[in-house]
Amino acid sequence: MRSDTVVELKGITKAFPGVVANKDIDFELNRGEVHALLGENGAGKTTLMNILSGLLRPDDGEIRIFGKPVSFRSPREAISLGIGMVHQQFLLVPSLSVVENIVLGHKEEGFIPNLRNVEKKIKTLSENYNLEIEPRAKVWQLSAGEKQRVEILKALYREAQVLILDEPTSVLAPQEAEGLINALREMTSEGHLSVVFVSHKLPEVTAVSDRITVLRRGRVVAAMENDNVDYAVLSNVMVGRELQKSVSPRRREKGGILLEVEDLVVPDDRGVPAVDGVSFTLSEGEILGIAGVAGNGQKELGEALIGLRSATRGRVIFCGKEITDITPRQAIEKKIGFIPEEPLTIGLAGGLSVADNLILDTYRSSRFLRKGLLDYNKIEGFSRGIVDTHGIKTPDLGLQVGHLSGGNVQRLILGRELSRDLKLLVANHPTKGLDVGAADFVWEKLISLGEEGVGIILISEDLEEIQTLSNRIAVMYEGELVGVEESGRVDRKKIGLLMMGVGKEE
Amino acid sequence: MIQISRYLSAISSGLAILAALATGAVLLLTVGLNPARVYYELFSRGMATHLGITETLIKMAPILMVSSGLILAFRAGLWNIGIEGQFLIGAILVGWAAPTLIRVLPHGVALLILGLVGFLGGLLWAVIPAVLKARWGLNEIITTLMMNFVGLNLTTWLVKGPLRDQTVVPPQTPVIPLQGRLPFVPFTRIHIGLVAGIICILAIYIIIKKTTFGFQLRVLGENRKAAIHSNINVSRVTILVLLISGGFAGLAGANDVLGVKGLFQAEWNPGYGFASIPLVCLANFNGLAVIPLSYFFSFLIVGGELMSRAAGVPIFFVQVIEGLMFLYFAGGEYFRKRKAGIHGASILL
């Protein structure tokens with residue numbers, strides 16, 4: 001393997017109103033290597049990669065691709081030079097098929113693309129790289145993990161030589177993540193492809209990369225070979241402070257029955273049962289962890305409980321009353337909270353301000369009104385409180401939520417849900433995309449909620465999270481709950497296997 | 001930050017206007033006209049003569065009313081393209097009811113009721129698209145647009161048939177006597193429709209910004225799923241917004257019948273809807289910004305008419321200016337984003 005430089009960034013600086021996202025950053029990527037970009041939320045990783053992929057233009061600095069200085073005017077120019085980016089938030093058209101999404105905007109296909117040829121090519125690619133996908137499926141039908149595969153295939157289809165993956169494992173189950181890491185090692189071993197792997201998770205970074213560059217507050221604070229790296233040192237460099245001690249699981253007295261779900265069947269968007277005869281109970285103050293790979297019905301289960309989706313069979317009983325056909329509004333009135341998996345598509349309005357989004361469910365409350373009109377002094381006071389206690393980094397309460405970083409969006413929605421008085425919280429991937437410090441904060445919040453007697457359904461793919469927080473653990477596989485167990489007795493490997501459909505108890 | 005962006009947006013609109021005038025000058029030169037003279041006629045007659053000022057301010061009233069309805073709908077993400085039809089239905093109902101009501105009721109009461117009649121007429125014409133949208137998700141752009149044609153033909157038939165004043169030759173409703181029309185603002189020749197229009201736009205501004213209903217429609221406009229997920233009754237908001245939006249168009253119809261024309265005439269369609277859509281966009285859907293812009297648009301229409309006679313330039317020239325303004329504004333938005341360094345879909349910090 002020749003170690004010539006594929007990408008060279010020199011002195012990159014980029015400021016946004018109120019924040020300097022990148023300051024004088026140097027970064028190099030060699031042919032055939034995986035170079036990890038490590039840093040907390042808001043450290044400037046995504047901004048830097050958006051600059052490399054032509055989406056943003058740097059205020060200062062130089063970009064060299066294959067030794068040639070370039071100045072991208074659009075992402076298309078970056079793509080034509082072989083730079084493909086897979087964003088944290090997917091850029092796919094939901095109503096189009098996988099094939100159509102992949103050829104979309106690809107000029108070589110001509111005016112009327114030959115979709116059958118494309119489909120063949122995609123199948124070959126997906127087999128070669130172990131990225132299983134149904135080419136004719138519509139994107140809206142796909143789970144987050146599958147959408148990511150489409151994004152990677154899209155880049156590979158365009159003959160990307162540099163693949164940028166922004167927090168790629170945040171949507172994957174552990175085994176899937178492992179698979180991705182292996183696939184990346186394999187893809188790069190032939191020397192055709194180089195990968196920038198953006199992440200804040202130390203174990204996967206050390207597992208996948210050849211080199212590691214650490215960003216903090218928009219600057220490079222360390223760059224090293226991935227060779228006997230000490231986690232403690234690395235995390236100190238990344239966070240810039242001693243890492244908090246992780247929360248510990250706690251034993252609690254069981255309260256009365258809060259929620260009973262009996263034989264519930266919930267269809268997905270296609271009308272096919274995604275939740276297929278699920279039954280369980282949840283006690284007050286109990287945290288029930290539901291593990292599972294994305295796309296096995298967890299999302300639909302959560303949405304049915306909060307009234308976003310209606311069940312075709314079965315019953316849901318909450319506090320002794322049937323709520324099977326509840327509406328979202330009734331769910332809010334009954335003190336059921338919800339943290340959605342992709343907050344910007346369902347829980348938040350990206351074009352409205354931070355303050356407006358924080359009162360999205362509670363704007364009718366008398367504390368925000370004066371003479372029947374919204375009182376923005378009170379609203380901003382309330383918002384300021386949440387922004388401060390949850391450490392939401394925003395220059396301004398009037399900033400549009402769509403301009404916040406992923407981690408801050410997650411903090412915002414959590415802050416909003418926790419600001420209400422809850423009895424039940426359905427948390428769908430609550431720490432997805434959060435760094436260690438922020439995840440600790442969320443975990444502590446959830447545990448203390450449980451101690452206050454709130455029942456929590458924790459849907460997650462992060463086994464450490466599930467094990468740390470849950471009193472009981474269930475695994476969801478193909479719409480069914482398999483193996484509900486007390487968390488103390490579960491070993492991680494077994495859960496992992498159940499998630500993949502192995503060892504299902506019949 | 002909000003302040004800065006609003007400020008920038010005002011500058012951007014101002015520059016668009018200047019650039020449009022400059023391009024217009026080039027166009028005039030190419031056809032052998034002296035732009036200095038044309039613009040002198042346009043501005044001096046439109047802005048510096050008693051007639052120009054009065055006519056401009058009178059013209060503002062319906063534009064302000066229509067814009068109020070448009071802003072409400074657009075902020076909710078609902079594209080009401082049916083202003084023309086809603087305007088005509090409101091206008092013809094007022095034209096039909098006015099002569100009788102004005103005769104039997106005290107003047108003020110009659111005018112208030114007629115305003116309401118116009119509002120209800122426009123509202124009525126939005127009922128079908130609103131229900132179709134709320135219940136079955138039918139695209140309101142198509143339905144409101146189609147209702148325009150129905151409205152136009154229906155009003156033409158009504159004024160040529162059942163509602164026609166049999167005593168005169170042209171197909172029209174009976175003329176409202178001068179003393180029965182909208183009174184003037186004291187010391188001017190401008191009828192009180194202007195005041196009503198300004199009240200409308202201010203009310204809409206406050207409704208959107210300050211009321212819970214306004215909050216609901218803003219959330220709906222930004223993210224329908226988020227609106228459903230929080231406790232917003234999307235069908236109800238959709239219907240209300242489209243009905244009120246149509247109502248304002250109907251009110252503008254009442255304004256023109258009671259304040260300007262004094263009757264409803266066959267084949268009459270002033271086209272306020274399609275004039276106001278770009279205006280509302282230029283104003284960034286902000287009610288306060290609509291006030292100066294509606295003045296400028298009215299001035300262009302009125303000044304254009306006066307100028308065309310004096311300078312020998314067809315009145316269509318001002319429509320060219322309007323179109324150019326819109327183009328430059330859109331271009332300005334593009335460059336504003338580019339300057340911020342955003343090329344693609346969104347900023348992913």
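Reader: Angles under 35 degrees count as roughly parallel, over 145 as roughly antiparallel, 65 to 115 as roughly perpendicular and the rest as oblique. How do helix 4 and helix 10 of chain B stand to each other?

Author: This is a predicted model, in which local features need pLDDT of at least 70 and side-chain atom pairs count only at pLDDT 80 or more, while totals for chains, interfaces and linings use all residues. Residues are numbered from 1 along each chain as its sequence is written, and chains are lettered from A and ligands numbered from 1 in the order in which they are written. The axes of helix 4 (residues 83–104) and helix 10 (residues 234–261) of chain B cross at roughly 45 degrees and come within 7 Å; the two helices are therefore oblique to each other. Axes are lines fitted to C-alpha atoms, for helices over the stretch in contact, with angles from 0 to 180 degrees between N-to-C directions. Helices (H or I, at least four residues) and strands (E, at least two) are DSSP runs, numbered from the N terminus.

Reader: Which residues in helix 4 of chain B meet helix 10 of chain B?

Author: Among them are Ile83(B), Phe87(B) and Val94(B) of helix 4, and the residues they meet in helix 10 include Ala249(B), Leu251(B) and Val257(B). Residues are in contact if their C-beta atoms, placed from the backbone, lie within 7 Å. Nonpolar means Ala, Val, Leu, Ile, Met, Phe, Trp, Tyr, Cys and Pro; charged means Asp, Glu, Lys and Arg; the others, Gly among them, are polar.

Reader: Turning to the contact of chain A and chain B, how many residues does each give?

Author: Chain A gives 42 residues and chain B gives 25. On the side of chain A, helix 1 (45–52), helix 10 (328–333), helix 11 (343–346) and strand 18 (373–374) each give two or more residues. That side has 21 nonpolar, 16 polar and five charged residues.

Reader: And the open sheet of chain A: what is its strand order?

Author: The four strands run 12-11-14-15, with antiparallel pairing. Two strands pair if DSSP finds at least two bridges between them. Strand 12 (273–283) and strand 15 are the edges. Leu259(A) has Leu282(A) as its bridge partner in strand 12, and Glu260(A) has Ile317(A) in strand 14.

Reader: What do strand 14 and strand 15 of chain A form?

Author: They form a hairpin with two residues between them, and Cys319(A) in the turn has a positive phi of about 55 degrees. Phe318(A) stands opposite Lys321(A) in strand 15.

Note on methods:
Contact = placed C-beta atoms within 7 Å.
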